[in-house]
Amino acid sequence: MQFKGKAWKFGDDVDTDAIIPARYLNTSDPKVLAQHCMEDADPQFASKVAAGDVIVAGKNFGCGSSREHAPIAIKAAGLSCVIAHSFARIFYRNAFNMGLPILECPEAIESMATGDEIEVDLDQGVIINHTRNERYQAQAVPPFMQRLLQAGGLMAYVQEQMRDELTKS
Amino acid sequence: MAMTMSEKILARHAGRSELHPDELIEVNVDFALGNDITAPLAIEAFRSAGAKKVFDTERIALIPDHFTPNKDIASAMQAKILREFSREHQLTHYYEVGRMGVEHALLPELGLVLPGDVVIGADSHTCTYGALGAFATGVGSTDLAAVMMRGKIWFKVPPTMKFVYRGKRRKWVGGKDLILYTIGQIGVDGARYRAMEFTGEVIESLPMSHRFAMSNMAIEAGAKVGLIAPDDITEAYVKERARRPYEFVHSDADAQYESVHEWDVSGFEPMVALPHLPENVRPVTELDEIPIHQAVIGSCTNGRLDDLREAAEVLKGNKVHPGVRCLIIPATQHIYREAMREGLFEIFLDAEAAVSTPTCGPCLGGHMGILAAGERAVATTNRNFVGRMGHPESEVYLSNAAVAAASAVAGVIVHPDRV
């Protein structure tokens, strides 16, 4: 999987209330959630983002709540992936489960600024910043996660397993 | 091999005699839960996967507590999804308004989550049950759906960080203050992906309500779980409530910890976390007089009977400041009834505080006490992110119940001795 888009840079500890405020959680409609993505950090964010764009952030991205609405909002807003220094635990799981690609790469984000043209090759774990002519190698996705992603996320993975169990019994 | 209690509980649920941090394992789940925000997505995933029945109708709780009593039509539609799914699958543990409570206060109270369990909840504060000696952690809705189907989940075994609290705590210093101090020291990602284990003489004498408050906020340091070794206090709490067998699991004396943090709490004052992160912690005595517009006493962190008693002790004979709304939200119907029986409501009403039916409500900026732009609240809740209790230009200060009550009276954030 490859993506190309503009970087949108945020700081450390971007919490789930910043990604999608709880006041909008009386729905799980991706289209509605997308309209309010990152709203409290940047009220115009959802209207400025173009398909393929990338969120770039510091440490502990997605800290706070377990709401799956956070990766749903990011994905539905058209963002292709999130690159951060590190991710909060529950968000990390939720992102994979929802099929939102995420990469940890502290080196890449240091020099990156909002507006930089970014290319991401998930298969290779490579991040290219075309604006600054820089190339970075991100930490590879662990093999277990790769199987989960190959299945198309957690639900597809579980369905596969249940089919296997049925075949065996 | 020597193991921490976190590793032991996981090993037993994975059918293993030993395991190491960072291993990926699949474990059996004893209990799973979801609420009116997270369960609708889980139910959607459950259905889309073609699942026909849940793994165990006795081991799943669905609790509409966040936007209930239904805030608006959209919330009512979400709550309805839980109600209908619970009926369709004949779930024993669906708790309707009038019988419910804030999930992390309710489930321990009902004896549904127990020492030695692995508990999975589609809510980040599921880690609360670590106070019982259970490996309990929050996950997203899809993970919950998978557990509802198979009763299993995969984990990476977390390394354990040990926290030792020594000395003697002063009056008005409790579990909330200890955990706020801890988060202040290690930061909001200080225990990211880690198991926290709270130990030491201070913890050993801490009542269950305070232990729940500590484990509840382990997630605010990024932790997967916040465990406390079960003891006589745990036994006294659990034995009358448990609906199935349970097991006390303790860390081996020579277990490997990734790090050990030790503090003497004797000189501690009540702690306050300033906006907009739970790590911005200061002793209340070091704060300038910060005016507040609202005080909230409740939530899965501090909505238990002991918290209400503390608040009542401070509010008795006092009036809430004219510029402040004081909201008191008992976390469960049982706590509500007990507080009423003890005469606490009389004290609250005399003080001109509002008492609400159980709900998560204002904690997440849902309803029942939303802040306007420029307003400031002191709250016994667990998060003070931007916009957490309402308008993005409002502020939340986190404290224990006594500080919140005292601040409601003073109109500024103060030490309980000041009123």
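**Salt bridges and a covered strand**

Searching the whole structure, a predicted model, turns up 33 salt bridges over all chains. Let's walk through a few of them.

Start with Glu269(B) and Arg170(B), whose closest N and O atoms sit 2.7 Å apart in a salt bridge. This pair ties together distant parts of the chain, 99 residues apart: Glu269(B) lies in the loop between β11 and β12 of chain B, and Arg170(B) in the loop between β8 and α6 of chain B. Arg170(B) is partly exposed, at a relative accessible area of 39%.

Next come Asp231(B) and Arg211(B), with side chains that meet in a salt bridge at 2.8 Å, N to O. Here too distant parts of the chain are linked, 20 residues apart, with Asp231(B) in the loop between β10 and α9 of chain B and Arg211(B) in helix α8 of chain B. Arg211(B) has 1% relative accessibility, so it counts as buried.

Asp306(B) and Arg309(B) form a salt bridge as well, at 3.1 Å from N to O. They are 3 residues apart in helix α11 of chain B, so about one helical turn separates them. Asp306(B) is partly exposed at 23% relative accessibility, and Arg309(B) is partly exposed at 35%. Elsewhere, salt bridges with shared partners join Asp13(A), Lys59(A) and Asp189(B) into one network.

Now for strand β14 of chain B, residues 294-297. Both of its faces are covered: Gln294(B) and Val296(B) are buried on one side, Ala295(B) and Ile297(B) on the other. β14(B) runs parallel to β15(B), joined by 4 bridges, and Gln294(B) stands opposite Arg325(B) there. β14(B) also pairs in the parallel sense with β17(B), over 3 bridges; in β17(B), Ala379(B) is the bridge partner of Val296(B).

Conventions: Residues numbered from 1 in each chain as written. Chains lettered and ligands numbered in written order. Predicted model: local features only at pLDDT ≥ 70, side-chain atom pairs only at ≥ 80, totals over all residues. Heavy atoms only, no water. Buried < 20%, exposed > 50% of the residue type's maximum accessible area, 1.4 Å probe, protein only. Helix = DSSP H or I, 4+ residues; strand = E, 2+ residues; numbered from the N terminus. Pairing = 2+ DSSP bridges. Salt bridge = Lys/Arg side-chain N within 4 Å of Asp/Glu carboxyl O.
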